Amino acid sequence: MSLWELLIIAVGLSMDAFAVSICKGLSMKKMSWKNALIAGLYFGGFQAGMPLIGYLLGTQFKDLITSIDHWIAFVLLGLIGLNMIKESREKAEEGECQNDSFGIKTMVPLAVATSIDALAVGVTFAFLNVDIVPAVSFIGTITFFLSVLGIKIGNVFGTKFKAKAELAGGIILILMGTKILLEHLGFLSF
């Protein structure tokens with residue numbers, strides 16, 4: 001997998017954390033860089049850890065399903081992408097952005113919820129023979145920076161970017177899954 005492809009996947013995966021960060025930024029009365037860094041560390045850390053766990057799980061089954069690995073990558077990325085698009089279309093629940101806490105009891109569930117998709121992508125990485133340590137480090141770093149940026153954007157602009165971020169992330173993951181499938185079937189030769 002090229003660095004460009006990994007960047008696209010990292011940005012796509014980080015869109016949930018970015019959207020939640022916008023929401024957290026909205027809940028802050030005054031911008032706090034300390035809280036922005038805390039959010040970045042939680043979201044970036046979990047976003048790096050989940051694909052590593054998925055990768056380790058995926059390598060256990062890799063030899064059994066190598067002949068259909070491209071279909072698995074396509075289906076997993078497609079389902080994750082469709083779910084993100086669906087979430088972007090749902091109406092925001094009232095009071096969703098009112099929790100301004102950055103404590104562990106608030107941040108861990110948010111970090112887990114925003115990184116579940118990354119677990120499935122980690123399984124996909126096992127089938128694609130991705131060099132996992134640099135890949136998860138890159139994903140975590142991208143998510144960290146986008147989360148910090150999301151806090152700032154949310155604090156300044158509000159929620160108008162939240163749904164668009166989730167929609168963009170979903171579309172990116174669907175396109176990457178389609179690209180993997182088409183390359184394996186011989187329709188693309190990048």
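**Charged and aromatic side chains in a predicted model**

Me: Which residues does Asp117 touch, not counting residues up to four places away in sequence?
Reply: The model is a predicted one. Asp117 has its place in helix H4 (residues 104-127). Leaving out residues up to four places away in sequence, the contacts of Asp117 are Leu13, Asp16, Ile80 and Met84.

Me: What is the nearest side chain of opposite charge to Asp117, and how far away is it?
Reply: Asp117 is buried and has no salt bridge. A salt bridge needs a side-chain nitrogen of Lys or Arg within 4 Å of a carboxyl oxygen.

Me: How many salt bridges are counted, and which side chains meet?
Reply: The count comes to one salt bridge. Its N to O distance is 2.2 Å, and the side chains that meet are Glu5 and Lys179.

Me: How many residues apart are Glu5 and Lys179, and which helices hold them?
Reply: This salt bridge joins Glu5 and Lys179. The pair links distant parts of the chain, 174 residues apart. Glu5 belongs to helix H1 (residues 3-27) and Lys179 to helix H6 (residues 162-184).

Me: How are the rings of Trp71 and Phe74 arranged?
Reply: Trp71 and Phe74 are three residues apart in helix H3 (residues 69-89), about one helical turn. Trp71 is partly exposed at 41%, and Phe74 is partly exposed at 27%. The ring centres lie 6.2 Å apart with the planes at 85°, so the pair is edge-to-face.

Me: What is the helix content of residues 132-151, and how far apart are the end C-alpha atoms?
Reply: An unreviewed UniProt entry lists residues 132-151 among its "transmembrane region" spans. In the model this span is 100% helix and 0% strand, and its end C-alpha atoms are separated by 28 Å.

Conventions:
Residues numbered from 1 in each chain as written. Predicted model: local features only at pLDDT ≥ 70, side-chain atom pairs only at ≥ 80, totals over all residues. Heavy atoms only, no water. Helix = DSSP H or I, 4+ residues; strand = E, 2+ residues; numbered from the N terminus. Buried < 20%, exposed > 50% of the residue type's maximum accessible area, 1.4 Å probe, protein only. Lys, Arg positive; Asp, Glu negative; His and termini not counted. Contact = heavy atoms within 4.5 Å. UniProt positions renumbered as here; feature names shortened; annotations may be inferred. Phe/Tyr/Trp six-rings, centres within 6.5 Å; stacked < 30°, edge-to-face > 60°.
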